[in-house]
Amino acid sequence: MKPFLIALSLLTLILSCNPTTPKSPSLNGTWESIGSGWTLEIRDSTSYSLYDVTPIATVLNKEAPLSELMDAITLMGDTLLLKKGVMTYTFIRAEDTIGYDQEDISKERQQDPLYNFDVFAETVKEHYAFMDLNQLNWKKIVTEQRQKLVKNPTDLYLYQVIEETLAILHDNHGFIEADASVARQLDSIAAIEEIEQETVNELGDFQVADKVAAHHLVTDMTKDSWLLKWGDMGNDIGYIQVKAMWLYAKLDIPKTRIDSLGFVDAYVETFHQMDAGRYIDLEVTAVRSIMDRVMADLKSTKTIVVDLRFNGGGQDAVNFEILKRFNDTERQVVSTKLKHREGYTNPAPLYLEASENPYKKPVYVLTSKQTGSAAEAFAIGSIALPNIKRIGTPTQGALSTALEKKLPNGWYFAISNEVYMDVNGNSYENIGVPVSYSVPYAWDRQTFFHEVADNLEADKMAILMAIAALEKNKLRTLKL
């Protein structure tokens, strides 16, 4: 054998004996969530399908290009982490594919009200986080509610029975969203009831908020914002009013849809057609731009009031973006756990980023019983920040994330599957986040709104007196 052929043979032998370089783990395959009842199928590294799974149904929730999830996915061996806003959901690799076929469930069964109620009931059984807290006998509730539907198995009554069941659960984030046909029937019923009821002078949360901002601000510095208002209350006290923790994103909603549905409904319709992570990023980007202007305008004040009393919630990622403006170092502010099987997942800490230019002077957060959801998450997160105190009444007590699911008939519903806790492990579901200084706001929505709107000067004086009392107590503590 010639020398170069001998060398080639030896090289071939050496390469054949060496192990090949291990391949990177693949995203392709089937992934099961821990605590959310989702199965994620990724195919050919190009597309994905998300299913809502219970023991009696596998419902296709969404199909889309994988590219819309890639920025939110982290792969660690046989564990896949999916980030949505401030939450990170854990999936583990499953051996079998779903093998879902729409024809596996007949069209008649997909539309059967009793079958859809059973799927709803199984979802609640597996994922509702507050069965014990609310002292509920779910087996008895299901039997009684299902029997009502047996007597009248229609779509309209299915909606009404599920809505009533959510009320029995005391689920602060529970909702049911039917198709257009049922929605029209419900609108007709509501219109008749409105005619029959005595007209009441009701105030809206945004309406009252606008009155408060117009009165309390000695200098209004608000620019290009209808959800966030800010300025000076006088005496070098800054004021930031946050009406909602959503509706900031620029979604390019067609004007025809706004004219047809109204802005909020058209906004909801638009973001439901998007990837949730992408939508939340747009909300954060928009509120970040506004908060840059807010903090630049108020940086020289001696203290800031953040008014969340008329804020019903939205996205936790929005509240984190606002709260971090008062945070000087990355720190854990809350922890969460999800309902999973017969118990809960291990608590997962959520961390608040530090601001590059934090406002470290005193901050006072105003809350009421109308402060809900993501606005409450701001309040509970503020407990971990040493320069923040809360004034008013405890919040609504609706802190869990809403776990959205799809029924076989195409309707959507949501339940609370998360326990949201402060840094000390305390949960305030149903009771509300506590305050540092109590102002006796009425708990009834309209009573509270009218008390504030009809006595704006008294409302402002109550805020200033609370700040003075907290400052006095602080000075007294320092003297001791």
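This is a predicted model: local features need pLDDT of at least 70, side-chain atom pairs count only at pLDDT 80 or more; totals for chains, interfaces and linings use all residues.

Strand 18 and strand 19, the latter made of residues 412–416, pair in the antiparallel sense, and 5 bridges join them. The pairing belongs to an open sheet of 3 strands, whose order is 8-19-18 and whose pairing is antiparallel. Strand 8 (175–177) and strand 18 (402–406) are the edge strands, each of them pairing on one side only. From one strand to the next, the twist of this sheet averages 20°.

A helix also belongs in this part of the picture. Helix 5, which covers residues 155–169, lies across strand 8 and strand 19, and its direction is at about 165° to that of strand 8.

Turning to helices that pack on each other, we come to helix 3 (residues 113–127) and helix 4 (residues 138–151), whose axes are 11 Å apart and which pack at an angle of about 165°. Because angles over 145 degrees count as roughly antiparallel, helix 3 is described as roughly antiparallel to helix 4. The crossing of helix 3 and helix 4 is right-handed. On the side of helix 3, the contact is made by Pro113, Leu114, Phe117, Asp118, Phe120, Ala121, Val124 and Lys125, while helix 4 contributes Trp138, Val142, Gln145, Arg146, Leu149 and Val150. Sorted by class, the residues in this contact of helix 3 with helix 4 are 10 nonpolar, 1 polar and 3 charged.

A further helix pair is formed by helix 11 (residues 316–323) and helix 12 (residues 374–382), whose axes come within 8 Å and cross at roughly 40°. That angle makes helix 11 oblique to helix 12, and the crossing of helix 11 and helix 12 is right-handed. Which residues of the two helices meet here? From helix 11 they are Asp316, Asn319, Ile322 and Leu323, and from helix 12 they are Ala374, Ala377, Phe378, Gly381 and Ser382. When the residues of this contact of helix 11 with helix 12 are divided by class, 5 are nonpolar, 3 are polar and 1 is charged.

Terms used. Residues are numbered from 1 along each chain as its sequence is written. Side-chain values use heavy atoms; hydrogens and water are left out. Axes are lines fitted to C-alpha atoms, for helices over the stretch in contact, and angles run from 0 to 180 degrees between N-to-C directions. Helices (H or I, at least four residues) and strands (E, at least two) are DSSP runs, numbered from the N terminus. Angles under 35 degrees count as roughly parallel, over 145 as roughly antiparallel, 65 to 115 as roughly perpendicular and the rest as oblique. A crossing is left-handed if the near helix is turned anticlockwise from the far one by less than a right angle, and right-handed if clockwise. Contact means heavy atoms within 4.5 Å. Ala, Val, Leu, Ile, Met, Phe, Trp, Tyr, Cys and Pro count as nonpolar, Asp, Glu, Lys and Arg as charged, and the others, Gly among them, as polar. Two strands pair if DSSP finds at least two bridges between them.
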